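Subject: Structure for you to look at

Hi,

Here is the structure I promised to pass on. Please open it next to this message, and my notes on what turned up follow below.

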Amino acid sequence: MSVGKLGSERSCCLRVLPRSRGSWIVATEQNDVLSEHATATEAEIAALSCLRKGEELLLFDRYHRCQRRARPELPRPSRRSPITRPG
C-alpha cells in the first residue's frame, strides 16, 4: 500500500476506483489520489477509516457500477461500572 495525503484534505465524498494495471485507489471528489492498494477490499477499508460522520464512500467496480457506503457507526462504550468479583 502506498499512502499519499491521507487525511490532509477532506471532502464530503471519497471514491474507490480501479486502476488499469490491477490496483485500486482511494481518491477525493477532486481526483486527488489518497492511497493505492492491491485489492478493492483493502482500498475500501482504508477509505472507510478516513470517512467522517456525514461523509460517504462511492465504491466503483471494474464494470463502472457504483455502490454507496457510509462509515459504520461504532458501538458506544457502556457507561456501567465494571463488575467486581470477590476472590
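Predicted model: local features only at pLDDT ≥ 70, side-chain atom pairs only at ≥ 80, totals over all residues.

In the hairpin formed by β3 and β4, with four residues between the strands, N31 takes a positive phi near 65 degrees. N31 sits in the loop between β3 and β4, and with 54% relative accessibility it counts as exposed.

H64 is another residue to look at for its backbone: its phi is near 65 degrees, again a positive value in a residue other than glycine. H64 belongs to the loop between β5 and β6 (66–70). Its relative accessibility is 67%, so H64 counts as exposed.

β3 and β4 run antiparallel and are joined by four bridges. Across this pairing, I25 stands opposite E36 in β4. Of the five residues in β4, four are buried, which leaves the strand mostly covered.

S35 lies in strand β4 (residues 33–37), and its relative accessibility is 1%, so S35 counts as buried. The side chain of S35 is joined to that of H37 by a polar contact of 2.7 Å. From S35 to V16 the distance is 9.7 Å, C-alpha to C-alpha, while 19 residues separate them in sequence.

Now for the overall layout. The protein chain has one helix and six strands, and along the sequence they follow the pattern β-β-β-β-α-β-β. Of its 87 residues, 32% are buried. Among the contacts with a separation of 6 or more, 37% are between residues 24 or more positions apart. The protein chain exposes about 6,600 Å², and carbon and sulfur atoms supply 52% of that area.

What does the inside look like? In soluble globular proteins, nonpolar side chains tend to be buried together. Here the largest nonpolar core has twelve residues: L14, V16, W24, V26, L34, A43, A47, L48, C50, L51, L57 and L59. Two or more of these residues come from each of β2 (13–18), β3 (24–28), α1 (40–50) and β5 (56–60). The largest share, four residues, is supplied by α1. There is also a second, separate core of six residues, with C13, I25, L58 and F60 among them.

Leaving out residues up to four places away in sequence, A47 touches L14, V16, V26 and L57.

One last topic is the cysteines. How many disulfides does the structure hold? The count is zero. For C66, the closest cysteine sulfur is the one in C13, and the 7.8 Å between the two sulfurs is too far for a bond; the cut-off for a disulfide is 2.5 Å. C66 has 39% relative accessibility, so it counts as partly exposed. C50, by contrast, counts as buried, at 11% relative accessibility, and C50 is one of the residues of the largest nonpolar core.

That is what I have for now. Write back whenever you like.

Best wishes

Notes. Residues numbered from 1 in each chain as written. Heavy atoms only, no water. Buried < 20%, exposed > 50% of the residue type's maximum accessible area, 1.4 Å probe, protein only. Contact = heavy atoms within 4.5 Å. Areas by Shrake-Rupley, 256 points an atom, 1.4 Å probe, with all protein chains shown as cover. Core = buried A, V, L, I, M, F, W, Y, C linked by side-chain atoms within 4.5 Å. Polar contact = N/O pair within 3.5 Å; in protein donor to acceptor, adjacent residues only side chain to side chain. Pairing = 2+ DSSP bridges.
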